[in-house]
Amino acid sequence: MKNPLRKRVIREIKKQWMKYIVLFLLMTVTIGFVSGMFVANDSMEKAANDAFEKYNIEDGHFNLKNEATSELINEFEKQDITIYKQYYKEFKEDYKGKDDDKNVRIRVFKMREEINKACLLEGRFPDKDDEIVIDRMHADNNGISVGDMIRIDGYEAEVVGLVSFSDYTCLFENSTEIMFDALTFDVGAVTEEFYDKIEGKQIYQYAYLFDDEPKDEDENKELSDKLIENVAVSCIQNGNEITDFVPEYANKAIHFAPDDFGSDKIMCEVLLIVLVVVLAFIFAITINNTIVNEAAVIGTLRASGYTRGELLIHYISLPVIITLVAAVVGNVMGYTTFKDLVVKMYYNSYSLPKYTTLWNADGFVKTTVYPLLIMILVCTIVIYKKLRIAPLKFLRRDLRTSKRKKAMRLPRWKFLSRFRLRILFQNLADYGVMFIGILFVQIMLVFALGMPATVNNYKDDIKEYMLADYQYILKSNVDSEGNIINTDEESAEKYSVASLETTDGVHVGEGITIYGYMDESRYFEIDEDLDEDNVYISKAYSDKFGIDKGDSITLKEQYDSRKYSFKVKGIYDLPGTLAVFMPNDNFNKVFEKDKEAFTGFLSENEIKDIDNKQIMTVVTQDDMLKIARQLDHSMGAYMKYFSVICMIFALLLIYLLTKLIIEKNAGSISMIKVLGYNNKEINSLYIRLTSIVVVIAALATSFLGVLFVGEIWKIYMYQLDGWFEYYMGTQRLIQAVVMIIISYAIVAAMDVVRIKKIPMTDALKNVE
Amino acid sequence: MSKDFSYDDLKDEEKKEFLKVSQVNKAYGTGDSRQEVLRGMDFSVAKGEFCVLLGPSGSGKSTLLNIIGGIDSADDGYISIGGDKLRDMDEKALTNYRRKHLGYVFQLYNLIPNLNVKENIEVGAYLSDNSLDTDELLHTLGLYEHRYKLPNQLSGGQQQRTSIGRAIVKNPDILLCDEPTGALDYNTSKEILKLIEEVNEKYGNTIIMVTHNEAIQQMADHVIKLRDGKVRKNIYNENKVKAQDLDW
């Protein structure tokens, strides 16, 4: 015979359908989203991994200052690699509807048939002059469709297809950038004939594949390190110069998206666990309240021979069933609606190739087994403690577990205040879970509101992040006739710049910019005289790597093994940039340059009297805003939705918990109604108390949320090149608190009605 | 200790002392608040006997019933059922003992509110390997017409009949009744007493009923009068009165 108690489960759900629907929805949406995240991530990750073989992705590439001779290429290939030319030309891109002041750049390749092949997503590949395929995401971001015309410098070309370039799934213009930029950077491919026709600055880039595939990442790194040195030596011997070297594992344009999949999965796993724990506690409290109400029945059942185990199974069967159904429905939604949503989010950020939805066993287990285990564990711990009480105590409705014989002494407050305090102590567990629930929502809210605030703060303070409005890097400090390049621009000042990389700390191999400044510089406010091995470092460098004044740092050249050690004499207040500062004379000594050497100019205004051919790069505010633009585009809109979802979550969680508190106290509320208290007085006891708890929780958790998200942000930034700080701001902090309070206000209005509906007969029933 | 007790093949001598209460003491509290509830309680009940424990409030009758039921324990002395001493049983064995051999009826019914009459009785049937036929029992209880009603749709008497049904459906060796008529009016009380009498006659269960109603003693085979935790009188009724003839 099946246990007849099982029939109660469905009836309990029917009776309290609103509560269980809310719990079911919260769990289903969470499981669905996380499942969708797992499915989408793994499907796309598989597509990204398969792409290495399918599209023959390079093992690395390097750029040379001049075109390599066939002898030099032979020399390279003696290093057990095969070289593939993948020259490209860079142009300004123009298209219909583009803002005039928007500087959009396009990198145009010949159609690559052997290596780094493109995945066609829409249209077709070009087969004649004046046709081009461009990156799908850049096209989406800028409203360019197949059939549109774009202008690459002086040439008109029809966009015949939208593609994902296998070596540009994330549109990083170069691997030293903090953030990719799919808004103002584009990659395209044309026929060989058309490529030869269009005139522009050509970059001599060579991709390579190892003849024998490295066994693992360590061997890959070892081989790549050796290769860098050998290629650099061969170049020097052949009168050429290596200007960039990016092994595949360090190529952000290839790796950023798959790496992001991995970190998002971990975040979602944590999100799932935390939320299921919160929901499990809500279930546990619900069951606990039921056990208190059914004490005499439980006593009778225990006296009749029902075991604790049977009762435990009976009481946890409802949360387990709801969790199981939520897991099934959530997973179905995970493979459909939520997967599509997550894929859309990723496609909004990355230029990914086509993928096939794959069955994800690991995701299914995690989104099914984790919630079930957590639910069983939390409910068992809470309920079993209660069920350990002797049957006789159940029969006597004496379920106190505290050994305290007298009530806790309270301060000599007014009666109602003391009454409230008693209610608080009596419902401490419920209010505790409410605090944790609000903390959970607040962390998500702080994230949702803080992300745009951080980006906006960066935008607003961009001047602080820059040494000067214009930062020119010259190809050489002398012109073709050997004269030192100069300018009449009054605000211009010479400086030097170089790049080294870290050898230790939180992020090995991260690029550090070394600046050399002139005496009495207007752009570097460092007055201290520094010896050759003494430097200042930027605040961002100090914060990220935890380096203080007096510490020593060791940096190395990017393409060879030369190392440099410096002693930090001070921290220079330049956020956002990981940099080292030294007088220009010291710079020239350290890097063995001429005494008068410099790299370029810093200027407040645009320099108009230097020939463009002499200029290698100009860094302006617009370049610095790239990161903010991309973050805003990738996440800005989602964050608005996310904050609304957080508010709904807050509303539902608070609704559930206040409902539990009122249900638990229904007898007492009924009794004080019998005694003659009016609804206003009862509300002042129960609603005001909960309001005080919610306001305190909202305030306290907002600060805790900022601390928590700030730490998560640091961990995130440790993985990236660069550093800028998480910023929430008072206004957003207040907004987060207000959103929680508004959610509660809606619930409180419902609670007023709920309290009003409690009949006086409840008290009489309990007396019986 | 965990065993599957069976009391079907007891010898006559064992049947006479089926339930044995031997020098049982029980006190609650410590120091000044210590209260001795049972003091050297000593008696036995034969198998199939209808025994009434009679006494005023505080005489220890409910405590004794709870100790017999294995949901409370004696400080000294022992209680044995068919020769098995409860004090030698661990918690698992005690649960098994209650499960297989005891039925409990309380003054306040303690029915499960969201199960109907039939299902509440099935809650008891689930515990037994040889439970009575539920539908037949519903007829015996006079509840067949009401079998799909929830407890809050029943009168007090009907609720108590349901709780008796839940207790006896598993055909227990001992039926423990704690003031089963305490919350009922005169007519309903008599109905319930008639039912218990019928159950005793029909199924042969040993019945231990706690009451403070003096009139009920007339229908019992064996009356044990308690006061201040001691047995004051141990009476065997030779002229039992039928429940329907009781008056108070």
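In this predicted model, Lys366(A) pairs with Asp362(A) in a salt bridge whose closest N and O atoms sit 3.3 Å apart. Both residues belong to helix 11 of chain A (residues 361-387), and the spacing of 4 residues amounts to about one turn of that helix. Lys366(A) counts as buried because its relative accessibility is 15%, and the cut-off for buried is under 20%. Asp362(A), at a relative accessible area of 37%, is partly exposed. Elsewhere, salt bridges with shared partners tie Lys7(A), Arg11(A), Glu119(B) and Glu122(B) into one network.

The size of an interface is often quoted as the accessible area lost when the parts come together. Here the area buried between chain A and chain B is about 2,400 Å², with carbon and sulfur atoms giving 57% of it. On the chain A side, the residues that lose the most area to chain B are Met1(A), Arg11(A) and Leu392(A), together 20% of what that side buries.

Side chains of opposite charge can pair when their charged atoms come close. The rule finds 6 salt bridges across the interface of chain A and chain B, and 10 residue pairs are in polar contact between these chains.

Two of the pairs between chains can be spelled out. Arg11(A) meets Glu119(B) in a salt bridge, with 2.5 Å between the closest N and O atoms. Glu310(A) and Arg99(B) form a salt bridge as well, at 2.5 Å from N to O. This pair runs from helix 9 of chain A, which holds Glu310(A), to helix 3 of chain B (residues 91-101), which holds Arg99(B). Glu310(A) and Arg99(B) are both buried.

Over all chains, the salt-bridge count comes to 41. One of them joins Asp167(A) to Arg112(A), the closest N and O atoms being 2.8 Å apart. The pair links distant parts of the chain, 55 residues apart: Asp167(A) is in the loop between strand 8 (155-165) and strand 9 (185-190) of chain A, while Arg112(A) is in the loop between strand 4 (105-110) and strand 5 (118-123). Asp167(A) and Arg112(A) are both buried.

Conventions: Residues numbered from 1 in each chain as written. Chains lettered and ligands numbered in written order. Predicted model: local features only at pLDDT ≥ 70, side-chain atom pairs only at ≥ 80, totals over all residues. Heavy atoms only, no water. Buried area = accessible area lost by both parts, 1.4 Å probe. Salt bridge = Lys/Arg side-chain N within 4 Å of Asp/Glu carboxyl O. Polar contact = N/O pair within 3.5 Å; in protein donor to acceptor, adjacent residues only side chain to side chain. Helix = DSSP H or I, 4+ residues; strand = E, 2+ residues; numbered from the N terminus. Buried < 20%, exposed > 50% of the residue type's maximum accessible area, 1.4 Å probe, protein only.
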